[in-house]
Amino acid sequence: MILMNETNFFFIRHGQTDWNQERRIQGQIDIALNSQGLDQAERLCHFISQTDDELNLITQCSALYSSPLGRAMQTALPLATFLNKPITPLDALQERHFGSIQGTTYPDLEANTPLESQKITQRDPHFRPPAGESLLDLRTRVRACLSFLLKEHGGKTVVCFTHGGVLDIIYREATGTAIETKRAWDIPNAGVNHLIH
């Protein structure tokens, strides 16, 4: 049963890119979906349009937001077309900015800059790659984004296309999981996450 004052957020990760497959740190570099990612976006839209469970709420959403990065916008496009709704770009939904280490693979990072690699792996909340964001910076941005969305769309349904790092923070906020705790859950490409406030 849906309560009148209940706000439903659907946060969807972008489809697959070549850099996902290569375990390359994308950050805010604008990487397009690969063929599998494009297929995931189409299948996601088809699944949502055919379902009669809680995902059916998506078809009644009041707004559709996306990170302005191409891989998120490309994933949002089939659903936006199906719903005949505009996609509103929202900078706060962008992936964590990894600064100077963006574009590096995790194995190369470990081999070439082991200290930075260790800080990333151990989830040091204060570690900020040169010209990038720390986990604490990202959490502040995501919290502000959630507050904005709740203020603008309280009691309604909102769909947001975003990235793994943002979804990780949202999960931690919803469950009270510490920012330093190693992730024990998957965040699959084109996965749908339902948050109720």
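**Close-up views of a predicted model**

**View 1. H2 passes H3 in a right-handed crossing.** Right-handed means that the near helix is turned clockwise from the far one by less than a right angle. The two helices, H2 (residues 35-50) and H3 (residues 70-83), pack at about 30°, with axes 8 Å apart. Helices are DSSP runs (H or I, at least four residues), and strands are E runs of at least two. Axes are fitted to C-alpha atoms over the stretch in contact, and angles run from 0 to 180 degrees between N-to-C directions. H2 contributes Leu-38, Ala-41, Glu-42, Cys-45, Ile-48 and Ser-49 to the contact (heavy atoms within 4.5 Å). H3 contributes Gln-74, Thr-75, Pro-78, Leu-79 and Phe-82.

The model is predicted: local features need pLDDT of at least 70, side-chain atom pairs count only at pLDDT 80 or more, and totals for chains, interfaces and linings use all residues. Residues are numbered from 1 along each chain as its sequence is written, and side-chain values use heavy atoms, leaving out hydrogens and water.

**View 2. Thr-157 sits in strand E4 (residues 157-162).** Thr-157 is buried, at 9% relative accessible area (buried is under 20%, exposed over 50%, partly exposed in between; 1.4 Å probe, protein chains only). Beyond its neighbours within four places in sequence, Thr-157 is in contact with Asn-8, Phe-10, Leu-57, Cys-61, Ser-62 and Ala-63.

**View 3. H7 gives the most to one lining, that of the second largest pocket, with five residues.** A pocket is an open set of points on a 1 Å grid over the protein atoms alone, where a 1.4 Å probe fits, with protein on both sides within 12 Å along at least five of seven lines; lining residues have an atom within 4 Å of a point. Among the 13 lining residues, Leu-167, Ile-170, Tyr-171, Asn-193 and His-194 lie nearest the centre.
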